[in-house]
Amino acid sequence: MKKQFAVIGLGRFGSAVALTLAESNCDVIVIDRNENKIKAIADHVTLAIQMNAIDETALKEAGVQNVDVVIVSIGENVEASILAVMILKEMGIKEIIAKAVNDLHGRVLANLGVDRVVHPERDMAQRVARSLIKPQFLEHIELSPEYSIVELPAPKSLWDKSIKDTNLRAEYGINIIAIKKRYTINETEKETWNINPLPTDVIKKDDVLVVLGTDRDIERLR
Ligand code: ATP
C-alpha cells in the first residue's frame, strides 16, 4: 500500500515536501487556508483542501487521522503551528514532523511531542557551511557532537581492497554502512547503492563510501 502523508501549510518548505512526496508516488493530502496556493498545487497531489488547520472537525473530515505522517509547515504564524500540532496530537496521529522558525518555536514543538522538528534554514545553512569547510565530504549528517555519518569518495589507500582487508573497524573504529557504485553506460553516468555491504565486497576507484564514526576518526581516514 502507498504511504500516506498530509502536509499542512504550503510555504516554500511545505510545497517542496508535498511535491517531492507526490513525485515519489505517495498519497499526499495538502492543506492551506490560502486558496491560490491550493489551486496551484491541486493537480500534483492526491487531495488539496483549502481550510484553517486549527479546525479540528475539518481536519478529521479531510481524513488527516488516517495518514502515516503529518508534516506541519506553518512558519510565521507560530500560534497556528502550535495549535495545529496540539490538535494533531489529540487526534492520535502516529508521526508528526513540524517546521520551526526559531529555537524557541522548536523547543515548544518538541515539548508538545512532535517526533521530528526541522529548522530548514538553519539546517541548510549548516550543511552549506560544512561543505565549504570540508568540500571533500559530499554529505555530512551529525548524529551527536562526536559522531557523524559522512559520504566521501573512497580514499586511494582503500582501492581494490575488500572491506574486511581495509580493517577500518579495528584500526579506525569506522563502519562502512553503504557504498555508492558509479559507472558509465553509453556515456551516461549511473549509480547503484550497495547498502549494508558484505566484508568480502571490494572497494573500487570511483566508489563513494558512506561511513559512520567519530569526526576525529573519519578525518584521520580521509
Ligand atoms: P516558508 O519559509 O516555507 O516559505 P513560511 O515560514 O513563510 O514558509 P508561512 O508563510 O508562515 O510560512 O506559512 C506557510 C503556509 O501556511 C502559508 O501558505 C499559509 O497560508 C499557511 N497557513 C498559515 N496559517 C494557517 C492556518 N491556520 N491554516 C492553514 N494554513 C495556514
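## Helices, strands and overall shape

This chain has 9 helices and 11 strands, and the model you're looking at is a predicted one. Laid along its principal axes, the box filled by the C-alpha atoms comes to roughly 60 × 45 × 30 Å. How does the radius of gyration of the chain sit against that of a compact globule of 222 residues? The chain has 21 Å, while such a globule would be near 17 Å.

Out of the 222 residues, 38% count as buried. The chain exposes about 13,100 Å² of surface, and carbon and sulfur atoms supply 50% of that area. As for who touches whom, take the contacts in the chain with a separation of 6 or more: 54% of them are between residues 24 or more positions apart.

Look for an open sheet of 6 strands, paired in parallel, in the order 3-2-1-4-5-6. Which strands sit at the edges? They are strand 3 (47–50) and strand 6 (116–118), and each of these pairs on one side only. Going from one strand to the next, the twist averages 15°. If you're wondering what holds a sheet together, strands pair through backbone hydrogen bonds, either parallel or antiparallel.

Let's zoom in on one pairing. Strand 1, made of residues 4–8, runs parallel to strand 4, made of residues 69–72, and the two share 4 bridges. To find one spot by eye, pick Ile8 and look across to strand 4, where its bridge partner is Val72.

## A closer look at Asp115

Next stop: the loop between helix 5 (103–111) and strand 6, which is where you'll find Asp115. Why does Asp115 count as partly exposed? Its relative accessible area is 47%, and partly exposed covers the range between the under 20% of buried and the over 50% of exposed, so Asp115 lands in that middle class.

Who does Asp115 meet? Setting aside neighbours within four places in sequence, Asp115 is in contact with Lys94, Glu95 and Ile96. Ala98 is another residue to check from here. Asp115 and Ala98 are 17 residues apart along the chain, and their C-alpha atoms are separated by 8.2 Å.

Technical notes. Residues numbered from 1 in each chain as written. Predicted model: local features only at pLDDT ≥ 70, side-chain atom pairs only at ≥ 80, totals over all residues. Heavy atoms only, no water. Pairing = 2+ DSSP bridges. Axes fitted to C-alpha atoms, helices over the stretch in contact; angles between N-to-C directions. Buried < 20%, exposed > 50% of the residue type's maximum accessible area, 1.4 Å probe, protein only. Contact = heavy atoms within 4.5 Å. Rg over C-alpha atoms; globule rule 2.2 N^0.38 Å. Areas by Shrake-Rupley, 256 points an atom, 1.4 Å probe, with all protein chains shown as cover.
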